[in-house]
Amino acid sequence: MRHGTYSIVAYDPETGEHGAAVHSHWFSVGSLCVWARPGIGAVATQSVVEPAHGPHGLDRLAAGDSAEAALRALLGPDELAAVRQVGIVDGAGEVAVHTGESCIPCAGHATGPHVSAQANMMERETVPAAMVAGFEAATGDLADRLMAALHAAEGEGGDVRGRQSSALVVVPREGEPWRARFELRVEDHAEPVEELGRLLRLARAYELAGEADELMASDRTEEAGGLYLRAAELAPESDELLFWAGLAQVHAGDIQSGMAAVRRAIELHPGWFTLLERLSPDFAPAGERVRRELSSS
């Protein structure tokens, strides 16, 4: 599969998160190219892509290989190494990267502390260096900095053939192999990098809502209500987050604001009223109060 791709792998020493992000003029690039595992590292595999280099590379890191040793183990027996690109960051944040001599120009890579960017079939040779510079200059968490690198690549022209799909994965410092903080894919879109940014914003909102659910379960209602509100503000287009934020506000005693939020969610999608009627106190302690308020108005 000859497809042009730019990608980045990186490690955040402050949080212990590893991550990777990618864009290509190819359908569903994320399913092929970016891989990460909590506490172990991240891999990007592309050009004439060998997807197995992703999980196999992580297995080598988990077994104790450095990024450089894992890269050698992957490419040593690979008869198509000349057309492969692979970037690896290990658990300690060390990076290793390979651009085969037969990758389609413009092809190359650039590295910095804890980060590697690699690209092939680009409009300009400047893409990898711009990605590393964009990553290092960005503020925010690892996901924000990975997104900054993708935007920097686009600023240098990106894929010579245009745009189609993108993906981002960020994993925590520790956890089971399947755990991820963010795992987002844009399979086919006219503006895949911008769409990936939109999905990341939604993912952050739902991350807050998930934290709020845990607080509600612990009867820390005021804290939960604040997080639900922040989630709804971060994703104002989400009637679901608006609905749950309203319930939390009513439960915390802010009846006027909470009812306004619930009513607005129901206006946007009447199915929330149906759901409200089905919710037990375990799921919605304020449900009965909200139902009474709605029936009296």
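Visitor: How many bridges pair strand β9 with β10, and in which sense do the two run?

Guide: Start with the general idea: strands of a sheet pair through backbone hydrogen bonds, either parallel or antiparallel. In this predicted model, β9 (residues 165-171) and β10 pair in the antiparallel sense over 5 bridges. To find one of them on screen, go to Ala-167, whose bridge partner in β10 is Arg-185.

Visitor: What is the strand order of the sheet that holds this pair?

Guide: Read across the open sheet and you get β7-β8-β1-β2-β9-β10, 6 strands with antiparallel pairing. At the edges are β7 (108-112) and β10 (182-186), each pairing on one side only. From one strand to the next, the twist averages 5°.

Visitor: Which strands does helix α5 lie across?

Guide: Helix α5 (residues 142-155) lies across β1 (5-11), β2 (18-24), β9 and β10. For its direction, take β2 as the reference: α5 runs at about 25° to that strand.

Visitor: And which loops hold the two partners of the salt bridge between Arg-181 and Glu-17?

Guide: First the pair itself: the closest N and O atoms of Arg-181 and Glu-17 are 3.4 Å apart. Over the whole structure, a search finds 21 salt bridges.

Visitor: Back to α5. At what angle does α4 pack with it, and how far apart are the axes?

Guide: Helix α4 (residues 127-137) and α5 pack at an angle of about 145°, and their axes are 7 Å apart. The crossing is right-handed. On the α4 side, the contact is made by Val-127, Ala-130, Met-131, Gly-134 and Phe-135. On the α5 side, look for residues including Leu-142, Arg-145, Leu-146, Ala-149 and Ala-153. Sorted by class, the residues of this contact divide into 11 nonpolar, 1 polar and 1 charged.

Visitor: Now the other sheet, the one with β3 in it. What is its strand order?

Guide: That open sheet has 4 strands in the order β3-β4-β5-β6, again with antiparallel pairing. The edges are β3 (34-37) and β6 (95-99); each has a single partner strand, so one side of each is left without a neighbour in the sheet. The twist here averages 5° from one strand to the next.

Visitor: How many bridges join β3 to β4?

Guide: There are 4 bridges between β3 and strand β4 (residues 41-47), which run antiparallel. While you're in β4, stop at Ser-47. Ser-47 has a positive phi of about 70° although it is not a glycine.

Visitor: What about β5 and β6: how many residues lie between them in the hairpin?

Guide: The hairpin has 4 residues between β5 and β6, and Gly-93 in the turn has a positive phi of about 90°. The two strands run antiparallel and are joined by 5 bridges. Val-86 stands opposite His-98 in β6.

As a general rule for reading side chains, in a regular strand they alternate between the two faces of the sheet.

Visitor: Which helices lie on these strands?

Guide: Helix α2 (residues 53-62) packs on the sheet, touching β3, β4 and β5 (84-90), and its direction makes about 150° with that of β4. Helix α3 (residues 67-75) lies across β5 and β6, running at about 150° to β5.

Visitor: Where is the cis peptide bond?

Guide: Look at Pro-105 and Cys-106: a cis peptide bond joins them, with omega about -10°. Cys-106 is in the loop between β6 and β7.

Visitor: Last one. How do α8 and α9 pack, roughly parallel or roughly antiparallel?

Guide: Helix α8 (residues 239-251) and helix α9 (residues 255-268) pack at an angle of about 155°, with axes 7 Å apart. Angles over 145 count as roughly antiparallel, and α8 and α9 are therefore roughly antiparallel to each other. Their crossing is left-handed. Among the α8 residues in contact are Leu-242, Phe-243 and Val-250, and among those of α9 are Met-259, Val-262 and Leu-268. By class, the contact has 10 nonpolar, 4 polar and 2 charged residues.

Notes
Residues numbered from 1 in each chain as written. Predicted model: local features only at pLDDT ≥ 70, side-chain atom pairs only at ≥ 80, totals over all residues. Heavy atoms only, no water. Pairing = 2+ DSSP bridges. Axes fitted to C-alpha atoms, helices over the stretch in contact; angles between N-to-C directions. Contact = heavy atoms within 4.5 Å. Parallel < 35°, antiparallel > 145°, perpendicular 65-115°, else oblique. Left-handed = near helix turned anticlockwise from the far one by under 90°. Nonpolar A, V, L, I, M, F, W, Y, C, P; charged D, E, K, R; others polar. Salt bridge = Lys/Arg side-chain N within 4 Å of Asp/Glu carboxyl O.
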